[in-house]
Number of protein chains: 4
Amino acid sequence: MSYNTFGHMFRVTTWGESHGPAIGCVIDGCPPRIPLDVGDIQPWLDRRRPGQSKFTTQRQEADQVEILSGVFEGQTTGTPISLMIRNTDQRSRDYGDIATRYRPGHADVAYDTKYGIRDYRGGGRSSARETAMRVAAGAVARKVLGAGVHIRGAMVQVGPHGIDRARLDWAQVNTNPLFCPDPQALPVWEAYLADIRKKGSSIGAVIEVVAEGVPAGLGAPIYGKLDSDLAMALMSINAVKGVEIGEGFAAASLTGEENADPMRMENGQLRFASNHAGGVLGGISTGQPLVARFAVKPTSSILTPVPSVTREGENVDVMTKGRHDPCVGIRAVPVGEAMMACVLADHLLRHRGQAGS
Amino acid sequence: MSYNTFGHMFRVTTWGESHGPAIGCVIDGCPPRIPLDVGDIQPWLDRRRPGQSKFTTQRQEADQVEILSGVFEGQTTGTPISLMIRNTDQRSRDYGDIATRYRPGHADVAYDTKYGIRDYRGGGRSSARETAMRVAAGAVARKVLGAGVHIRGAMVQVGPHGIDRARLDWAQVNTNPLFCPDPQALPVWEAYLADIRKKGSSIGAVIEVVAEGVPAGLGAPIYGKLDSDLAMALMSINAVKGVEIGEGFAAASLTGEENADPMRMENGQLRFASNHAGGVLGGISTGQPLVARFAVKPTSSILTPVPSVTREGENVDVMTKGRHDPCVGIRAVPVGEAMMACVLADHLLRHRGQAGS
Amino acid sequence: MSYNTFGHMFRVTTWGESHGPAIGCVIDGCPPRIPLDVGDIQPWLDRRRPGQSKFTTQRQEADQVEILSGVFEGQTTGTPISLMIRNTDQRSRDYGDIATRYRPGHADVAYDTKYGIRDYRGGGRSSARETAMRVAAGAVARKVLGAGVHIRGAMVQVGPHGIDRARLDWAQVNTNPLFCPDPQALPVWEAYLADIRKKGSSIGAVIEVVAEGVPAGLGAPIYGKLDSDLAMALMSINAVKGVEIGEGFAAASLTGEENADPMRMENGQLRFASNHAGGVLGGISTGQPLVARFAVKPTSSILTPVPSVTREGENVDVMTKGRHDPCVGIRAVPVGEAMMACVLADHLLRHRGQAGS
Amino acid sequence: MSYNTFGHMFRVTTWGESHGPAIGCVIDGCPPRIPLDVGDIQPWLDRRRPGQSKFTTQRQEADQVEILSGVFEGQTTGTPISLMIRNTDQRSRDYGDIATRYRPGHADVAYDTKYGIRDYRGGGRSSARETAMRVAAGAVARKVLGAGVHIRGAMVQVGPHGIDRARLDWAQVNTNPLFCPDPQALPVWEAYLADIRKKGSSIGAVIEVVAEGVPAGLGAPIYGKLDSDLAMALMSINAVKGVEIGEGFAAASLTGEENADPMRMENGQLRFASNHAGGVLGGISTGQPLVARFAVKPTSSILTPVPSVTREGENVDVMTKGRHDPCVGIRAVPVGEAMMACVLADHLLRHRGQAGS
């Protein structure tokens with residue numbers, strides 16, 4: 001089964017292959033009368049676009065989004081919003097190798113086993129190109145959430161090199177191509193990645209996404225908890241192998257006393273003294289910042305030959321040349337933000353439907 | 001919004017509060033003509049049942065499951081299977097405190113904010129008692145998967161104490177109340193937990209769940225990937241703060257060479273030389289063991305007073321007495337297995353629906 | 001596949017077989033803080049209950065509903081509401097015949113073909129007994145809709161005998177066991193049905209359900225239109241063979257002029273001069289009364305032998321003795337009302353989720 | 001809420017407005033390795049296309065479909081199939097009137113009330129133009145069903161003029177622009193419609209759709225019955241006011257004896273002597289022809305002025321000039337067939353998923 005829709009009230013369906021004529025998405029359930037035009041979406045796509053530094057694939061795509069429906073005279077109408085990006089950089093090339101040899105670590109063998117057929121050009125449906133539509137949908141989700149909800153992401157670890165949390169400065173993130181929030185970590189990462197790239201190798205990363213201003217009360221327990229829906233959404237991003245909320249895996253080593261988030265009333269408002277929980281209790285937002293992290297594996301495409309097999313069952317060694325990111329985690333930052341925006345928009349509407357506000 | 005159903009083709013809906021008359025679930029979409037009786041379900045419930053060691057809550061529940069529909073003459077009929085457990089240990093007690101004072105780290109404040117009302121008795125709907133029905137549903141899912149799919153879980157870390165993977169022995173798991181697979185770690189954990197318990201404290205844990213014999217080809221990319229559905233399912237378990245597949249967060253520190261899983265044909269069968277991927281590529285099972293881990297936070301109920309507030313907005317300090325687990329991770333082991341079983345059963349049917357086998 | 005849930009935001013899942021230990025439903029997504037107790041549900045069940053006149057089956061069921069979850073101190077909590085009715089009138093009897101011989105017009109042969117197994121006792125899952133849970137869910141839906149929405153149904157045709165619309169008097173409906181709104185039609189129907197019953201025959205009927213006070217704006221076009229969801233809901237009732245909205249099939253013979261509903265402003269309010277549309281335009285409620293009718297086929301169980309086959313493929317003639325309704329349409333009246341209530345409650349929440357009020 | 005997806009395993013999402021840049025759909029869940037190209041879809045679109053006779057709107061649209069994803073080297077890949085049709089006949093015109101004056105019988109007032117905004121150009125989202133994508137999706141569904149399932153529709157009543165069933169000849173249907181299966185009714189209809197058209201009036205119709213070769217066992221009771229899903233699907237077509245299966249509303253006047261479908265074994269096969277049921281029992285297909293009819297109201301756009309109101313609440317009289325069908329029922333024939341194909345394809349996959357074949 002393929003299943004290319006996520007969300008319940010704010011539903012996003014994506015379609016398209018890496019080297020087909022276009023990719024796109026349909027956003028259904030968006031509230032009406034929200035101002036929306038291409039200018040609300042394009043900047044987020046530009047931020048994700050490859051080819052902007054030597055650390056991301058040199059594929060050149062204008063990634064120019066078109067709004068095909070659901071917007072009238074600059075406002076959403078409540079009907080499905082269809083977005084499309086034409087694929088422009090479909091180099092005419094020989095796909096002979098990739099057509100028959102399964103690239104290790106890629107979805108090639110899995111798609112072929114499942115469906116008995118696959119569009120092998122550039123990874124087809126399993127290409128990270130699909131994530132452009134997540135970013136486009138996320139831009140619409142941000143408009144639904146409004147200016148009061150502030151979502152931002154950063155890379156917090158590249159290979160063995162983490163940031164120093166004491167130096168975390170969100171203002172730094174958009175000043176460098178690595179979405180690095182720690183000015184002292186940045187040169188370390190750049191040197192490290194340059195070396196990885198030169199060797200034709202690749203490396204993993206950890207991305208953190210934080211949403212501030214999230215209203216308390218979002219989440220649909222027990223099986224639509226805000227954190228479990230977020231886990232689904234982030235784990236569905238290409239190459240993601242782990243997701244955590246708040247303390248995440250570190251919570252396994254904490255005692256109840258260490259992990260407690262004390263509460264106090266301050267000026268008639270509930271305040272938490274800490275945020276080990278990451279903004280969610282019982283699957284419901286508490287009003288604290290919603291904090292998620294996800295781990296991205298190293299790009300599977302490397303210059304070192306790896307034993308593999310062909311479609312016909314012959315042993316081969318596969319070495320992947322071409323336009324690849326040494327660290328796919330970099331471009332995952334805007335994608336992670338977008339997924340969080342979509343999950344929050346969906347739950348905002350779901351909560352309002354049941355509870356009325 | 002509340003949302004208490006998971007799965008698409010094998011759909012489980014749970015209901016019930018900790019101290020209401022009963023808890024239950026409805027399993028819809030189960031294939032017909034599968035032999036099923038109470039004896040297929042009860043042993044799994046017994047395994048999760050509290051009160052079996054000093055390390056879990058002393059609440060005594062028989063947890064006797066009834067099959068109310070969907071089974072006829074010992075076989076499933078293809079119609080909804082209704083399972084119910086009567087709550088028997090509802091001690092008559094004064095809930096005055098818990099009714100008005102929000103227990104830190106619990107869902108109390110979140111439910112009240114969201115719904116403006118909550119059944120505060122024993123945590124109501126947010127109680128871990130709900131997980132009994134996951135285990136019951138998981139038992140049915142195992143029958144759907146058949147004997148060829150083998151799912152088992154173990155605790156692999158308690159607080160700071162992890163297992164030594166070289167000593168991992170699945171045969172050990174069911175011989176001790178901590179689901180510990182490492183005979184040398186066991187005494188360390190027991191001593192550590194006894195101390196935690198004596199202090200009225202609590203501690204987190206990491207659980208690992210592995211499914212062997214999973215057919216290649218399961219998963220519904222892009223938004224019903226096997227790993228993202230598993231992430232949702234595991235993150236929805238009470239107190240879970242992180243989920244990872246295969247290398248998980250460790251993949252962030254690996255290079256592409258280190259993380260590669262070489263493939264070779266052996267006797268006409270595809271074999272992988274390693275399983276960094278954890279059994280899934282592009283959201284689709286590869287036929288390798290499916291490996292997931294999840295982190296459980298320490299029980300929030302501790303004897304140390306923690307600053308909190310009341311429903312009416314007064315500052316208070318809350319100390320939780322009563323029947324609590326020092327390490328909720330322990331009882332999460334059978335729950336994690338059950339969730340994996342349900343996800344796999346669902347995807348088995350979904351794949352068969354689309355691809356025909 | 002079995003699929004026993006309907007609704008999106010107000011979701012009802014029913015379970016249970018005619019002669020199993022119980023039947024029940026789970027209502028998920030109900031708004032919180034709605035006053036609800038058994039007294040809100042039981043009267044509607046009593047109204048549907050068989051054995052109340054000689055024209056319905058003499059099966060005696062107390063149909064006593066229990067609320068097992070989702071209600072605390074007399075109010076809904078926003079968590080799933082589990083309702084259950086124990087089956088009490090399960091006469092111990094020999095089901096040998098019905099077990100092997102397919103009753104013509106019943107679902108026997110269809111269930112066996114589909115699932116390879118069926119609970120043949122009293123029709124099992126396909127029994128009209130399931131509709132009791134629709135009525136129970138409908139009672140909750142009425143509470144969600146509030147006192148401003150008024151839903152009522154009536155039988156408007158029995159066999160060849162229709163009512164005279166000029167005499168339609170809703171006040172009559174609950175004064176007679178046939179839900180007849182026309183005092184002059186009533187004696188005709190009674191005599192007709194007495195004759196049908198004496199002959200061991202059966203007859204079809206048409207039921208009309210009207211909802212007044214429905215807010216304008218409900219409906220989720222294009223594939224969740226209010227009228228198409230209503231058509232689904234009504235057609236899913238046992239023995240229903242047709243559904244129509246407003247003029248329905250009569251619209252086929254009308255010209256555009258005849259079918260037009262002129263609009264005028266009156267005291268600042270939009271008023272329609274007629275209601276050929278039946279309260280819905282483009283799948284969205286207009287604020288006019290929502291009018292639906294559905295046709296119920298004659299009970300298939302009759303005393304005249306009908307050629308049939310056995311499970312083993314032998315030709316037989318089947319004559320159905322036992323406790324059967326000569327006109328199943330009668331008991332379909334409360335069921336039709338309940339389905340309309342559920343559809344409206346669902347759309348009320350869906351609309352509020354998207355549009356905010 | 002808007003909700004523009006239907007189906008569970010074979011899911012179709014449509015998007016687009018009458019006078020926007022394009023309309024389209026995404027088909028998700030289609031089985032892999034089904035031969036598919038534009039040539040499989042275009043002929044069905046051509047059959048629905050307006051402007052082919054004087055009895056349908058003179059709007060000229062090439063309705064040229066593009067396949068944007070999900071097909072590779074002439075076969076479906078199991079990933080989402082995106083189809084798009086560019087709107088080419090968007091005459092530049094003054095929409096001033098339609099922008100502010102609600103056309104009686106149209107969805108204008110309903111959309112404005114619901115969403116507070118509407119794309120008024122040509123009906124926007126509520127235009128029958130959307131049905132082109134249903135026909136496109138239906139063409140793909142037919143490929144999924146295979147050659148063994150034969151779906152065909154015909155108009156069986158135009159205004160007061162029904163066909164004579166004794167003369168019903170399916171071979172006639174595609175030889176005339178009215179999809180009339182009765183050669184003697186055809187000239188009567190032509191004369192009648194010519195008169196209706198000359199007067200600037202309009203008229204309703206009844207369409208019948210029949211599927212032969214449907215495997216027994218399809219349908220997902222209780223809330224995904226084959227007939228209730230079909231009712232939903234057909235009722236969702238623009239202007240449809242009633243749906244019936246088999247005898248439909250006529251069943252209300254039948255006795256149990258008259259409505260019985262006797263069964264007999266013939267050469268080891270179950271045979272029914274009649275088909276009052278219309279091919280479905282208990283919501284499950286029996287293997288007999290699946291027979292549905294639906295009533296279409298007269299086109300609301302007529303030359304006679306009808307009282308209406310403006311967006312600003314002024315009383316006006318609205319007379320609709322322009323390119324309109326005197327009988328929208330005509331073009332509903334291919335749409336009805338397409339909806340039946342989609343419902344059957346969905347249930348084929350759903351049944352296979354649960355029951356394995």
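Predicted model: local features only at pLDDT ≥ 70, side-chain atom pairs only at ≥ 80, totals over all residues.

**Entry 1: the contact of chains C and D.** I asked how many residues each chain gives to the contact. Chain C supplies 105 residues, and chain D supplies 105 residues. I then looked up the area. About 7,900 Å² is buried between chain C and chain D. Carbon and sulfur atoms account for 63% of that area.

How many salt bridges link chain C and chain D? I found two salt bridges. I wrote down one of the pairs, C:R264 with D:D317. Their closest N and O atoms are 2.9 Å apart. I also looked up polar contacts between chain C and chain D, and the count is 51 residue pairs, with both residues at pLDDT 80 or more. By class, the side of chain C that touches chain D holds 52 nonpolar residues, 35 polar residues and 18 charged residues.

**Entry 2: strands across the C and D contact.** I checked how strand β11 of chain C sits against strand β11 of chain D. Both cover residues 240-245. The two strands run antiparallel and are joined by three bridges. For one bridge I noted the partners: C:E244 pairs with D:G242 in β11(D).

**Entry 3: helix α3 of chain D.** Is this helix mostly covered or mostly open? Helix α3(D), residues 108-115, is mostly covered, with seven of its eight residues buried. I listed the buried ones: D:D108, D:V109, D:A110, D:Y111, D:D112, D:K114 and D:Y115.

What covers the buried residues of α3(D)? I found that the cover includes parts of chain C. Among them are strands β12 (263-266), β13 (269-272), β14 (280-281) and β15 (284-285), and helix α9 (329-355). After α3(D) comes D:G116, and its phi is positive, near 75°.

**Entry 4: a hairpin in chain A.** I looked at strands β12 (residues 263-266) and β13 (residues 269-272) of chain A. They pair in the antiparallel sense over four bridges. In one of the pairings, A:E266 has A:Q269 in β13(A) as its partner. Two residues lie between the strands of this hairpin.

A:N267 sits in the loop between β12 and β13 of chain A. Its phi is near 50°, positive although A:N267 is not a glycine. Why does A:N267 count as exposed? A:N267 counts as exposed because its relative accessibility is 81%, and the cut-off for exposed is over 50%.

Entry 5: B:R33 is not a glycine either, and its phi is positive at about 65°. I placed B:R33 in the loop between β3 (22-28) and α1 (38-48) of chain B. Its relative accessibility is 41%, so B:R33 counts as partly exposed.

**Entry 6: cis peptide bonds.** I noted a cis peptide bond between B:P221 and B:I222, with omega about 10°. B:I222 lies in the loop between β10 (205-212) and α7 (226-235) of chain B. In chain C, a cis peptide bond joins C:P221 and C:I222, with omega about 5°. I placed C:I222 in the loop between β10 (205-212) and α7 (226-235) of chain C.

Key:
Residues numbered from 1 in each chain as written. Chains lettered and ligands numbered in written order. Heavy atoms only, no water. Contact = heavy atoms within 4.5 Å. Buried area = accessible area lost by both parts, 1.4 Å probe. Salt bridge = Lys/Arg side-chain N within 4 Å of Asp/Glu carboxyl O. Polar contact = N/O pair within 3.5 Å; in protein donor to acceptor, adjacent residues only side chain to side chain. Nonpolar A, V, L, I, M, F, W, Y, C, P; charged D, E, K, R; others polar. Pairing = 2+ DSSP bridges. Buried < 20%, exposed > 50% of the residue type's maximum accessible area, 1.4 Å probe, protein only.
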